[in-house]
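Here are a few notes to read alongside the structure. Take them in order, with the model open beside you.

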Amino acid sequence: MARLIRNKQGKPYTLLTRFCNSPSFLLTHAYANASERSLQTLAYEEIQANPNKPYTHTALILHGLLGSARNWRSFSRSLASSLSNPPSSEWRMVAVDLRNHGNSAEIEGFDPPHDMVNAAKDLGNLINSKSWGSPDVVIGHSMGGKVALQFAQSCGNGDYGENVKVPKQLWVLDSVPGEVTTDNSDGEVEKVLQTLQSLPSTIPSRKWLVNHMLELGFSKSLSDWIGTNLKKSGEEETWAFNLEGAVQMFQSYREMSYWPLLEHPPKGLEIAIVRAEQSDRWDADVISRLEKLASREGDGSAGKTSVHVLPRSGHWVHVDNPKGLLEIVTPKLKSLTS
């Protein structure tokens, strides 16, 4: 899951119907679901630091369970800004609303099963439908990290056609690449999903929801964040995501394992795993296995895996230590333009 990002003054960025311009940023909020196409594609936001310059590189950014592109808007702006200095290249950030989430939840045509394979295929469909080139980088947080891994694996298999090639870098942010068993989980996500499933489809108010979650023993911060996922429907509130579809995606996230991909990455791909220092999602065996993979000496015939630890951060890496995350990610992305 992911949280709403706010700026330093605590105010959310304003989105106009189509464009949001600032002195140095262009943000395009697009709904790629043209009625003349039978193939439905995802909603997304585009962010560039210099709107008057054509972009030379693209990074896809994928949120976690019950999140949306807007959760990553602030980090995307900061990353685009840091990559534009010095101005040797222009990066475009494409923050995607995965199926059943954000504005994509309002788009019909995303057929089940709602799993990692189809969530990644949606990205391939988006790229092909827009006639974009392959993204240079894919960044995924939590569940989005596994969607990113599946995307790279499917690209390597040629599942999306010749136009969509394996990215150069894949960033997996605080997402365990193997199966997630109940032994490796505190069960909080499961409890949240079960609670939301027990509620009526329309909620009297955000205040009612927050108080209800608090009465059930959830923390104030988590309860408040759940409240941000409501949208107005007449006099009541309803969810901004497709809950049942999201539950199915979470189950797929838990079941899928991408250790074979990390052990044998396609040539030219670096899979960068970022583990939050204070995250409770990692056990010693997984950490040891990743460190062994990262320490291997390659001969250039295959890609590589690297491991990074984000200090002073729990699972919410883009909230807890966004500056530290930028310091890890930015030099790596800049290396692609040197």
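Predicted model: local features only at pLDDT ≥ 70, side-chain atom pairs only at ≥ 80, totals over all residues.

1. Two strands pair if DSSP finds at least two bridges between them, and helices (H or I, at least four residues) and strands (E, at least two) are DSSP runs, numbered from the N terminus. With that in hand, look at β9 and β10 (residues 236-239): four bridges join these antiparallel strands.

2. Residues are numbered from 1 along each chain as its sequence is written, and side-chain values use heavy atoms, leaving out hydrogens and water.

3. Now step back to the whole sheet. It is open, has three strands in the order β8-β10-β9, and its pairing is antiparallel. β8 (202-203) and β9 (230-233) are the edge strands, each pairing on one side only.

4. Next, the helices. α1 (residues 73-83) and α11 (residues 322-334) pack at about 45°, with axes 10 Å apart; axes are lines fitted to C-alpha atoms, for helices over the stretch in contact, and angles run from 0 to 180 degrees between N-to-C directions. Among the residues that meet are Phe75 and Leu79 in α1 and Leu325 and Val329 in α11, contact meaning heavy atoms within 4.5 Å.

5. Finally, α2 (residues 116-130) and α3 (residues 143-156) pack at about 65°, their axes 8 Å apart. The contact includes Leu123 and Ile127 of α2 and Val147 and Phe151 of α3.
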